[in-house]
Amino acid sequence: MEKFSALIANRRSMRKFTEEKLTDEQKRTILRAALISPTAKNNRGWEFVAVDDTAVLKTLSQCRAMGSGFLAECAFAVVVLGDPSKSDCWIEDCSIAAIDMQLQAEDLGLGACWCHMRGRASAEGKPTRQTIAELFGVPQQYEPLCIIGFGYKNMERKPYDDDKIEWGKVHWGKF
C-alpha cells in the first residue's frame, strides 16, 4: 500500500476501462473492503450484489436516464444496498462501504466510479430500485444507494491538485 495521502489524491473517478477482466482475488479484496467498513452501532445493515456478467452490466448501464453508461464498459460492479428498517444511518453506512471499495481498487491499481441509484429512474421513467430488484431478486426492504463500477483504467487522470483545495470551506471554531 502506498501512503494514504497519495492514495486519496490519486483516486479519481474512472469511467473508461480496458476489456481486461479482474481476477477473483481482486474482486474478493474489493468486497472485503466493503465488508469490514464501519457502520453505525456495528449493525451491518448493508448488502452487496457483485456483478461481472457482461450482459447484466449492459442492462445496469441503462437503468438511469443519464450517467450510468460507463457500467457497460467495466469489468466488475457492486450494487450497494441498505436496509432502512435496520438503521436510520443506512445511507451513511453504504456510502462508507462504497468509498472504501473505491480506495481499495485504487490501491490495487484499478479504476472505479460511483453511479448514484437512490431516487433515480431510467429514460423511460422506470425507477432504478425496481430495475435492480427485478434483476437480482432484491427483497423489498432494501434500497439501492449506488453501483460502483471497477476495471483496469483506460485513461489517464492526474492526481488531485493541491492548489485547487478550497481551504475557505474549513471554519475553525465557528462558521
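Q: How many aromatic pairs does a search of the whole structure find?

A: In this predicted model, the search over the whole structure returns two aromatic pairs. One of them joins W46 and F48, with 5.0 Å centre to centre and 45° between the planes.

Q: How is the geometry of such a pair classed?

A: Planes under 30 degrees apart count as stacked and over 60 as edge-to-face, with the rest called tilted. At 45°, the W46 and F48 pair is tilted. Both W46 and F48 are buried.

Q: What are the values for F76 and F150?

A: The F76 and F150 pair is also tilted, at 5.7 Å centre to centre and 35° between the planes. F76 belongs to strand β2 (residues 76-82) and F150 to strand β4 (residues 143-151), so this pair ties together parts 74 residues apart in sequence.

Q: Are F76 and F150 buried or exposed?

A: Both F76 and F150 are buried.

Q: Which residues in α4 are buried?

A: An α-helix has 3.6 residues a turn, so residues three or four places apart point the same way. In α4 the buried residues include W90, D93, C94, A97, A98 and M101.

Q: What covers the buried residues of α4?

A: The cover includes helices α1 (4-10) and α2 (24-35), together with strands β1 (46-51), β2, β3 (111-116) and β4.

Methods:
Residues numbered from 1 in each chain as written. Predicted model: local features only at pLDDT ≥ 70, side-chain atom pairs only at ≥ 80, totals over all residues. Heavy atoms only, no water. Phe/Tyr/Trp six-rings, centres within 6.5 Å; stacked < 30°, edge-to-face > 60°. Buried < 20%, exposed > 50% of the residue type's maximum accessible area, 1.4 Å probe, protein only. Helix = DSSP H or I, 4+ residues; strand = E, 2+ residues; numbered from the N terminus. Contact = heavy atoms within 4.5 Å.
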